[in-house]
Amino acid sequence: MSHDQEGMNKVCPCGSNKPFDYCCRPIVEGQKAAPTAEALMRSRYTAFALGAIDYLIDTTAPEKRGADDADILADQVKYTNWVGLTILSTENGGRSEETGTVEFEAGFETDDQAGTLYEKSNFRKENGFWLYVDGEVEVRT
Ligand SMILES: [Zn+2]
């Protein structure tokens, strides 16, 4: 990704209504650490939307990473179109906290179905970086 006019004007995929360059882009590109659990969650949604697989793996808690993650994620980003994120609630996960929970809904489309992924995700901070640990997931189509 290059810094171009389009990037400056593009609205961030995470639904914040902020320009991409001032929202998830510096986080996904590793120039800035996500300050809160919600910011990390938003940046991971954006990474799913853009296919930034390395970022998704890097922001998963080490004990939750699997040997096949890169392949699984590659298939997911190839066949799934993410069409919108809504943050429903957050618990803790603030700048000075070490753990947090974010509840959200993400709309998606594949070739043969459209639906909503609902998830209550758990995050924890390690060495100043928020990591996705796990979550309760429900897919509604
Ligand atoms: Zn964003």
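In this predicted model, N127 is found in the loop between strand 3 and strand 4. The phi angle of N127 is near 50°, a positive value in a residue other than glycine. N127 belongs to the hairpin of strand 3 and strand 4, in which two residues lie between the strands. Is N127 buried or exposed? With 6 other C-beta atoms within 10 Å, N127 is exposed; the cut-off for that class is 12 or fewer.

Strand 3 and strand 4 (residues 129–140) pair in the antiparallel sense over 11 bridges. Within this pairing, S121 has G135 of strand 4 as its bridge partner. On the strand 2 side, strand 3 (residues 114–126) is joined to strand 2 (residues 99–109) by 11 bridges, and these two strands also run antiparallel. A hairpin with four residues connects strand 2 to strand 3. In this part of the sheet, T101 stands opposite N122 of strand 3. Strand 1 and strand 2 are likewise antiparallel, with 10 bridges between them, and here T90 faces V102 of strand 2.

Taken together, these pairings give an open sheet of four strands in the order 1-2-3-4, with antiparallel pairing. Strand 1 (81–92) and strand 4 form the edges, each pairing on one side only. From one strand to the next, the twist averages 25°. Helix 3 (residues 37–50) packs on this sheet and touches strand 1, strand 2, strand 3 and strand 4. The direction of helix 3 makes about 170° with that of strand 1.

N92, which is not a glycine, has a phi of about 55°. The place of N92 is in strand 1. N92 counts as partly exposed because 14 C-beta neighbours lie inside 10 Å, a count between the limits of 12 for exposed and 20 for buried. N92 is also in contact with T99, whose other contacts, leaving aside neighbours within four places in sequence, are F123 and R124. T99 itself lies in strand 2. T99, too, counts as partly exposed, with 14 C-beta neighbours inside 10 Å.

For L40, the contacts beyond four places in sequence are A34, T59, F123 and W130.

At the level of the whole protein chain, the secondary structure comes to five helices and four strands. From the N terminus on, the order of these elements is α-α-α-α-α-β-β-β-β. The C-alpha trace spans about 40 × 35 × 30 Å along its principal axes. How does the radius of gyration sit with this picture, and what would a compact globule of 141 residues have? Such a globule would have a radius of gyration near 14 Å, and the protein chain has 14 Å, so the two agree. Of the 141 residues, 28% count as buried. Among contacts between residues at least 6 apart in sequence, 43% join residues at least 24 apart.

Finally, a word on confidence. The mean pLDDT of the protein chain is 93, and 94% of its residues reach 70 or more. Among the elements, helix 2 (residues 25–28) has the highest mean pLDDT, at 98, whereas helix 1 (residues 5–9) has the lowest, at 58.

How values were computed
Residues are numbered from 1 along each chain as its sequence is written. This is a predicted model: local features need pLDDT of at least 70, side-chain atom pairs count only at pLDDT 80 or more; totals for chains, interfaces and linings use all residues. The radius of gyration is taken over C-alpha atoms; the globule rule is 2.2 Å times the number of residues to the power 0.38. Two residues are in contact if their C-beta atoms, placed from the backbone, lie within 7 Å. pLDDT is the predictor's confidence in each residue, from 0 to 100. Two strands pair if DSSP finds at least two bridges between them. Axes are lines fitted to C-alpha atoms, for helices over the stretch in contact, and angles run from 0 to 180 degrees between N-to-C directions.
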